[in-house]
Amino acid sequence: MIEDPSGLDSVRASWDALAVSVGAPFGAPAWAEAWWRHLAIEGARLAVVAVHAGDELIGLAPLYSSRRFGVTELRLLSGGLASRLGILAGPGREPQVAAAISEALADAGLRPDILRWEAVDAASPWPGWLSASGPDGRLHHVQDVSERSAPVLRVGQGSYEEWFARKSRNFRSQMRRDRRAMERLGATFRCADRASLERDLAAFARLHSARWEGRGGSAAVNPSSMAMLQEVGEALVENGRFRLWMIEGPDGEAISAQIFVAAGGEVAYWNGGFDERWGKHHPGSLAILAAIEDSFERGDDLFDLGGGEAGYKERLADEDRPVAWRTSYRRGMRYPLARLRRLPEQVARRGSHKFRKRFGSLRMNRLRRLLGR
């Protein structure tokens, strides 16, 4: 159990290697530690469990704990900010790692009343495994809170041209026409490098905020999150694992900025924004297509478009791999109190689609920000 951030120094390299080996872009230490430094909630305590077999790191649980109203809660680092988070474990060693994590939590005296799983792969068995391996032998109840579509496409089979040829004729024609139109107007496409990173991230923040300004704002962009992204970019941009795809106009002003994080052949879309004045040419989709083409050229395997339904995702995706929100409750005297603590957020998440239709995105975004406090 690692509770002091300085204790991560000894496992950082092997942690990153494990994240790469299992293809977990947001499971890498560069992402998790930057989130901890800049976005962790007040009063949170680090609770990272590293599982070794001899000198080999075979599993890692990137967790932190918090306590409120007498209820102890465990969450994954950066939970709520990224998709497909989870426990890292070498293939075939998952049950062994689950038992070791449970034992480490018990040895540290950490008996969580709540264990939250946010935007994990819906097919992940980890919520059940850790609940079955409760650190104190108590039964745990796993509640399914909600599930969202999360389209993916395979980029490790064939070429970009072959993949693009399988898309609808109308989509292909539209994208080619839009790209030619933008290039005639002087637009250029590129991926950020170390020299342009700070400037490109500032452009992303501006474009993303402008897109959400009339819809209640976005929690994804604030001084803390931008400091986190700068840190992640500095750590990963040179090895191609932090990819910020830009479209710039003839005057050098940013038109579109889309952020992706990669590890072990898997590329995950995080967020983006574009200038509405160029909207008729679909600059967001064109930048994502440029990132997909780049992934084919790099020899990646899977391109994850992230949680949430959107027309452009359906047109690009080969299949859907939903992400899910689940909550594990420890049975005992504090069980009713633990359920009460999570109730407002779960009601908001379950009903968000219904309420968004009825009350609009503006009110829903304000409600989520309020509940997040």
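Visitor: With contact meaning heavy atoms within 4.5 Å, what share of the contacts in the protein chain between residues at least 6 apart in sequence joins residues at least 24 apart?
Guide: That share comes to 73%. Please keep in mind that this is a predicted model, in which local features need pLDDT of at least 70 and side-chain atom pairs count only at pLDDT 80 or more, whereas totals for chains, interfaces and linings use all residues. Residues are numbered from 1 along each chain as its sequence is written, and side-chain values use heavy atoms, with hydrogens and water left out.

Visitor: And how many helices and strands are there in the protein chain?
Guide: There are 13 helices and 16 strands, taken as DSSP runs numbered from the N terminus (helices are H or I with at least four residues, strands are E with at least two). Of the 373 residues in the protein chain, 52% are buried, that is, under 20% relative accessible area, with exposed meaning over 50% and partly exposed lying in between (1.4 Å probe, protein chains only).

Visitor: Switching to rings, how many aromatic pairs does a search of the whole structure find?
Guide: It finds 14, where rings of Phe, Tyr and Trp (its six-membered ring) pair if their centres lie within 6.5 Å, and planes under 30 degrees apart count as stacked, over 60 as edge-to-face and the rest as tilted. One of these pairs is Trp35 with Tyr64, which is tilted, at 5.3 Å centre to centre and with 40 degrees between the planes.

Visitor: Which parts does that pair tie together?
Guide: Trp35 lies in helix 2 (residues 29-39) and Tyr64 in strand 4 (residues 63-68), so the pair links parts that are 29 residues apart in sequence. Trp35 is buried at a relative accessible area of 5%, and Tyr64 is buried too, at 1%. An edge-to-face pair is formed by Trp126 and Trp129, with 5.2 Å between the centres and 85 degrees between the planes.

Visitor: Where do Trp126 and Trp129 lie?
Guide: Both are in helix 4 (residues 126-132), 3 residues apart, which is about one turn of the helix. Trp126 is buried, with a relative accessible area of 7%, while Trp129 is partly exposed at 30%. Elsewhere, Tyr160, Trp163, Phe164, Phe171 and Phe296 form one aromatic cluster.

Visitor: Next topic: at what angle do the axes of helix 7 and helix 8 cross?
Guide: The axes of helix 7 (residues 197-212) and helix 8 (residues 223-236) cross at roughly 145 degrees and come within 10 Å; axes are lines fitted to C-alpha atoms, for helices over the stretch in contact, and angles run from 0 to 180 degrees between N-to-C directions. Leu197, Glu198, Leu201, Phe204 and Ala205 of helix 7 meet Met226, Leu229, Gln230, Gly233 and Glu234 of helix 8.

Visitor: Is Met226 buried or exposed?
Guide: Met226, in helix 8, is buried at 15% relative accessibility. Leaving aside residues up to four places away in sequence, Met226 touches Leu201, Phe204, Ala205 and Val221. The C-alpha atoms of Met226 and Glu198 are separated by 9.7 Å, although these residues are 28 residues apart along the chain.

Technical notes: Contact means heavy atoms within 4.5 Å.
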